[in-house]
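This briefing covers the pockets of one protein model, together with a helix contact and an aromatic pair. The sequence and structure come first.

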Amino acid sequence: MASKSRDVDLQAFFSDLVRCETRLYNALNDRLRTRHGIATSQFEFLRYLRDHPAARVADLAAEFAIGIGATSKGVDRLEKQGWVARQPNPSDRRSSLLALTDAGRQLADEAEDTVTERLTELITDQLTPALISAAGQVLAELRSVLERDQIGMPTG
């Protein structure tokens with residue numbers, strides 16, 4: 001595998017990847033806070049729960065590669081705001097199923113429009129469709145390999 005990367009500056013690739021992700025995340029965070037009073041992480045949880053009814057905290061943790069404890073605290077905050085409700089899991093009493101409330105669904109839908117608008121400004125308006133497609137293919141493949149091999153998953 002080392003021979004494949006001989007002519008590639010992997011540290012520059014990593015730096016560019018992380019800095020792009022951080023700047024995009026922060027830009028979304030600013031817009032979401034201004035318009036909806038939520039953070040990007042909250043939007044991501046709401047959207048996931050909207051698109052995956054009856055998910056568990058463990059499902060969220062696996063999707064976002066974060067610890068169960070941090071995920072549970074994030075869900076607690078959403079529940080406190082009245083956007084998420086925990087329901088008994090009939091197949092496993094140790095876990096709860098998560099459901100968006102009507103207010104949570106409405107917030108997710110409205111915030112998604114804001115996210116789409118901001119990503120259009122930051123990405124679509126700046127890059128050609130061919131570049132976006134190529135970057136998307138590279139990132140999807142890298143993510144697939146990392147997830148297949150369970151690389152970077154938190155231990156707790």
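The points below are grouped by topic.

The model is predicted. Its largest pocket holds about 2300 Å³ of space, and the second largest pocket has a volume of about 200 Å³. Helix α2 supplies lining residues to the largest pocket and to the second largest pocket, and it is also in contact with α4.

**Largest pocket**

- The lining of the largest pocket consists of 46 residues.
- Nearest the centre of this pocket are L17, E21, L139, L142 and R143.
- Five helices each give at least two residues to the lining: α1 (10-36), α2 (40-51), α3 (57-64), α5 (102-124) and α6 (129-148).
- The largest share comes from α6, with 13 residues.
- By class, 32 of the lining residues are nonpolar, five are polar and nine are charged.

**Second largest pocket**

- The residues that line the second largest pocket are S41, Q42, E44, F45, F64, I66, A70, G74, R77 and L78.
- Two or more of these lining residues come from each of α2 and α4 (68-80).
- The lining divides into five nonpolar, three polar and two charged residues.

**Contact of α2 with α4**

- Two packed helices are described by the distance between their axes and the angle between those axes.
- For α2 and α4, the axes come within 11 Å and cross at roughly 85°.
- Angles of 65 to 115 degrees count as roughly perpendicular, so α2 and α4 are roughly perpendicular to each other.
- On the α2 side the contact is made by Q42, F45 and L46, and on the α4 side by T71, G74, V75 and L78.
- Four of the contact residues are nonpolar and three are polar, while no charged residue takes part.
- Among the residues of this contact, Q42, F45, G74 and L78 also belong to the lining of the second largest pocket.

**Aromatic pairs**

- The model has two aromatic pairs, one of them formed by F45 and F64.
- The ring centres of F45 and F64 are 5.5 Å apart and the ring planes lie at 35°, so this pair is tilted.
- F45 belongs to helix α2 and F64 to helix α3, so the pair ties together parts that are 19 residues apart in sequence.
- Both F45 and F64 are in the lining of the second largest pocket.

Technical notes:
Residues are numbered from 1 along each chain as its sequence is written. This is a predicted model: local features need pLDDT of at least 70, side-chain atom pairs count only at pLDDT 80 or more; totals for chains, interfaces and linings use all residues. Side-chain values use heavy atoms; hydrogens and water are left out. On a 1 Å grid over the protein atoms alone, a cavity is a set of points where a 1.4 Å probe fits but cannot get out, and a pocket is an open set with protein on both sides within 12 Å along at least five of seven lines; lining residues have an atom within 4 Å of a point. Grid points are joined across faces, edges and corners, and a volume is the space filled by probe spheres set on the points. Helices (H or I, at least four residues) and strands (E, at least two) are DSSP runs, numbered from the N terminus. Ala, Val, Leu, Ile, Met, Phe, Trp, Tyr, Cys and Pro count as nonpolar, Asp, Glu, Lys and Arg as charged, and the others, Gly among them, as polar. Axes are lines fitted to C-alpha atoms, for helices over the stretch in contact, and angles run from 0 to 180 degrees between N-to-C directions. Angles under 35 degrees count as roughly parallel, over 145 as roughly antiparallel, 65 to 115 as roughly perpendicular and the rest as oblique. Contact means heavy atoms within 4.5 Å. Rings of Phe, Tyr and Trp (its six-membered ring) pair if their centres lie within 6.5 Å; planes under 30 degrees apart count as stacked, over 60 as edge-to-face and the rest as tilted.
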